[in-house]
Protein chains: 2
Amino acid sequence: MLIKDVSLLQSGALLKGRDILIEGSRISKIGRDLKDENKEETIDGHGKLAIPGLVNSHTHLAMTLFRGYADDMALMPWLTEKIWPLEAKLTPEDIRSGVKLGCLEMIRFGITCYNDMYYFMDETAAATKEMGLRAFLSGVLFDARPELMSEAEAFLKDWSGDDLIHPAVGPHAIYTCSEETLLSARDLAEKYDAMLHIHLSETNDEVEESIKKHGMSPVEYLDSLRFLSNRLVAAHCVWLSEKDITLLARRRVNVAHCPVSNLKLAAGIAPVVSMLKAGVNVCLGADGASSNNNLSPFEEMKTMAIVQKTACRRPDVMPAKEVWKVATENAYKAFGLDMGLREGALADLSLIDLKKPWFTPETNILSHLIYSIAGGVDTTIVNGRALMRGGVIPGEEEILEKAQAQFERLTS
Amino acid sequence: MLIKDVSLLQSGALLKGRDILIEGSRISKIGRDLKDENKEETIDGHGKLAIPGLVNSHTHLAMTLFRGYADDMALMPWLTEKIWPLEAKLTPEDIRSGVKLGCLEMIRFGITCYNDMYYFMDETAAATKEMGLRAFLSGVLFDARPELMSEAEAFLKDWSGDDLIHPAVGPHAIYTCSEETLLSARDLAEKYDAMLHIHLSETNDEVEESIKKHGMSPVEYLDSLRFLSNRLVAAHCVWLSEKDITLLARRRVNVAHCPVSNLKLAAGIAPVVSMLKAGVNVCLGADGASSNNNLSPFEEMKTMAIVQKTACRRPDVMPAKEVWKVATENAYKAFGLDMGLREGALADLSLIDLKKPWFTPETNILSHLIYSIAGGVDTTIVNGRALMRGGVIPGEEEILEKAQAQFERLTS
């Protein structure tokens with residue numbers, strides 16, 4: 001595949017008229033006047049900006065099917081009256097439908113990889129592969145359903161070595177998993193050299209309960225179990241002490257910051273600036289669409305930036321360049337992804353239409369990507385395959401209709 | 001003009017298959033199987049949602065030309081090193097170009113009316129009228145340039161009675177305008193029965209200075225000058241005492257809340273929930289694109305909602321229905337606009353494509369408009385005239401190119 005005459009960002013500057021040659025699943029060359037010897041597929045990049053793939057570092061993708069079903073509620077009634085009753089009725093077909101709907105949306109936002117924790121991981125993996133995205137998938141684990149642990153191991157075995165699907169291990173949280181469950185999850189991840197995925201210090205209540213029960217914060221408690229390492233993605237991390245932040249940095253934990261979900265659920269404002277200063281590898285996640293209610297990485301970037309400025313009372317913290325690093329390089333590091341717009345990297349990228357009011361004037365494109373963009377992702381490529389071209393995703397209408405039908409069945 | 005087979009929201013429910021007949025500048029009928037006797041123009045509304053026009057209640061539209069020129073800076077260096085030197089070089093042609101760029105963007109977001117404060121109001125009015133939007137326009141007033149007052153009066157006379165342009169009076173703020181300037185501005189607005197537009201209590205510094213200088217908060221000070229009334233739109237109102245809130249409610253002042261700008265400039269979080277509870281008429285503004293950096297009303301709605309939830313530590317405050325009222329009815333009330341999707345109202349509306357992942361499933365469309373929408377405004381109609389159809393705005397490319405050229409000239 002050859003992308004002709006596209007614009008690129010290099011150290012913040014906009015370079016125009018470049019070509020990107022993709023061979024197989026990798027970017028083989030970036031330069032001027034390149035030729036595709038195989039002449040398989042040429043994409044006109046004129047007036048478009050190529051950016052490397054974005055990563056949704058924490059989500060529950062099948063829950064996209066619940067979008068807008070329950071909002072503006074306190075956490076417990078939201079869970080007990082709305083979400084749990086619906087989850088109890090979920091079928092594999094619902095999961096496939098919700099996952100495909102979520103994939104559609106992520107393709108439209110230039111997301112090429114996501115990190116999921118939910119039920120029915122085989123269906124999630126199959127639907128994701130069909131849609132063509134890259135994913136780290138963890139079947140959720142908690143004490144109340146001990147059979148999930150053996151399912152998780154089967155999933156790790158079955159999907160090991162897949163080119164797009166990375167099976168992972170997802171103990172839900174310290175308040176739903178016993179020490180035994182947490183240790184089994186950790187051992188399982190080590191045994192299969194897989195990522196770990198957990199919710200951590202999302203609410204103040206979680207921290208207070210942990211201190212009451214363990215005499216330690218959730219972060220300290222997990223550290224006491226030797227659970228913290230660079231194979232861990234810890235979602236949220238809103239309520240952290242200075243000691244917690246030091247521990248997360250020292251253990252090289254990856255934090256999936258979910259600013260929109262945290263604000264919408266009134267969880268609070270995570271100390272992102274302090275974490276970054278301490279060297280914590282912070283990346284960004286949308287959380288589930290049922291608590292956001294979309295999967296836009298651009299909203300997460302802008303919300304993180306502007307909320308941190310106010311939280312720190314300094315408009316100069318979290319400049320665009322740092323936000324972009326969080327959204328890209330930090331995520332690639334967290335998941336060990338060989339990604340970026342460079343020769344040899346995985347061909348995960350998107351093209352964005354620059355001929356839009358929100359990219360005009362072409363002053364500082366990095367700033368526009370963080371603060372101004374309001375649409376215009378035109379083409380999304382994952383693993384060398386174009387999943388959307390010219391704003392068109394084959395089969396989109398059927399997926400939308402199917403999701404509507406599944407939702408109506410589920411809530412009837 | 002006849003819009004056929006469109007969806008509408010009525011008391012939160014989605015009604016499908018409705019027709020909207022527009023005659024002249026008004027909606028003349030909403031119903032089923034309507035016919036346009038004049039057969040002038042028919043728009044296919046199938047799969048689309050009609051919403052009433054949105055209002056950008058506080059902006060500096062020509063500054064759209066400065067988008068991304070200076071970000072992530074503290075207020076004073078931002079103004080003195082970046083914005084003021086550029087403003088000193090502005091020509092009427094720059095203004096026309098910046099205003100048209102801003103109008104393009106607002107048309108793409110379904111905004112049909114905006115409230116502006118800036119320089120060169122004749123050019124702003126002419127460019128806005130050419131683009132077809134409705135606007136309340138105030139030439140900014142401050143002590144350092146006393147000649148602006150007579151220009152403001154000439155503008156009020158010249159544009160009085162226009163069907164789209166409402167001239168207004170815009171003293172900048174209490175810290176740039178003497179008592180004399182404020183009183184003259186108030187008298188001018190009363191003489192011409194025009195709206196007043198001011199920046200108020202945006203930063204904590206402004207409040208502290210006012211208390212030091214006047215022994216009163218900015219709101220109390222303006223009240224002591226009999227400046228507060230329902231002809232006033234006060235932008236920001238971030239730092240308010242309980243007494244201030246009571247005064248704003250009692251004097252029926254309209255507050256233009258600008259959540260994204262307030263966060264990005266680290267001004268703070270306005271007490272919106274308290275204001276609404278006290279009966280203050282709060283509406284939404286984007287502020288200038290140079291401190292946002294776009295003009296999306298959907299971003300303002302979502303940001304207001306989720307930030308207020310966290311500020312109040314309650315996910316159930318600012319539900320979607322209340323957010324929508326702030327964005328629509330409150331704005332119509334502030335500006336005395338006879339707007340809404342009903343027979344007899346001004347034909348200011350937009351059509352939004354529902355066949356998008358972020359509107360699926362069709363659970364609660366009002367929730368999707370606040371929390372999930374990420375594009376898809378397809379058609380925007382102002383005063384009975386379609387400014388965008390099928391996502392196409394005639395002349396858009398030339399306006400984008402012209403804005404780029406003007407920006408390059410300005411910064412060369």
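**Exercise 1.** In this predicted model, find how many residues the largest nonpolar core has and which residues have the most contacts inside it.

*Solution.* The largest nonpolar core has 298 residues. Those with the most contacts inside it are Ala50, Ala234 and Val323 of chain A, together with Ala50, Ala234 and Val323 of chain B. Next, take Ala234(B) and set aside its neighbours within four places in sequence: the contacts that remain are Ile198(B), Leu200(B), Val253(B), Val255(B) and Ala256(B).

**Exercise 2.** Compare the radius of gyration of chain A with that of a compact globule of 412 residues.

*Solution.* Start with the expectation: for 412 residues, a compact globule would have a radius of gyration near 22 Å. Chain A has 21 Å, so the two agree. The C-alpha trace of chain A spans about 65 × 50 × 40 Å along its principal axes. Buried residues account for 60% of the chain. Of the contacts in chain A with a separation of 6 or more, 72% join residues 24 or more positions apart.

**Exercise 3.** Check the span of helix H2 of chain A, residues 92–108, against 1.5 Å a residue.

*Solution.* The helix has 17 residues and should therefore span 24 Å. Its end C-alpha atoms are 24 Å apart, which agrees. As for burial, 15 of the 17 residues of H2(A) are buried. Just after H2(A), Gly110(A) has a positive phi of about 75°.

**Exercise 4.** Describe the side of chain B that touches chain A.

*Solution.* First, count: 53 residues of chain B contact 53 residues of chain A. Second, locate: helices H2, H9, H11, H14 and H15 of chain B each give two or more residues, and H15(B) gives the most, with five. Third, classify: this side of chain B has 25 nonpolar, 15 polar and 13 charged residues.

Methods
Residues numbered from 1 in each chain as written. Chains lettered and ligands numbered in written order. Predicted model: local features only at pLDDT ≥ 70, side-chain atom pairs only at ≥ 80, totals over all residues. Contact = placed C-beta atoms within 7 Å. Helix = DSSP H or I, 4+ residues; strand = E, 2+ residues; numbered from the N terminus. Nonpolar A, V, L, I, M, F, W, Y, C, P; charged D, E, K, R; others polar. Expected span 1.5 Å × (residues − 1). Buried ≥ 20, exposed ≤ 12 C-beta atoms within 10 Å, placed from the backbone. Core = buried A, V, L, I, M, F, W, Y, C linked by C-beta atoms within 7 Å. Rg over C-alpha atoms; globule rule 2.2 N^0.38 Å.
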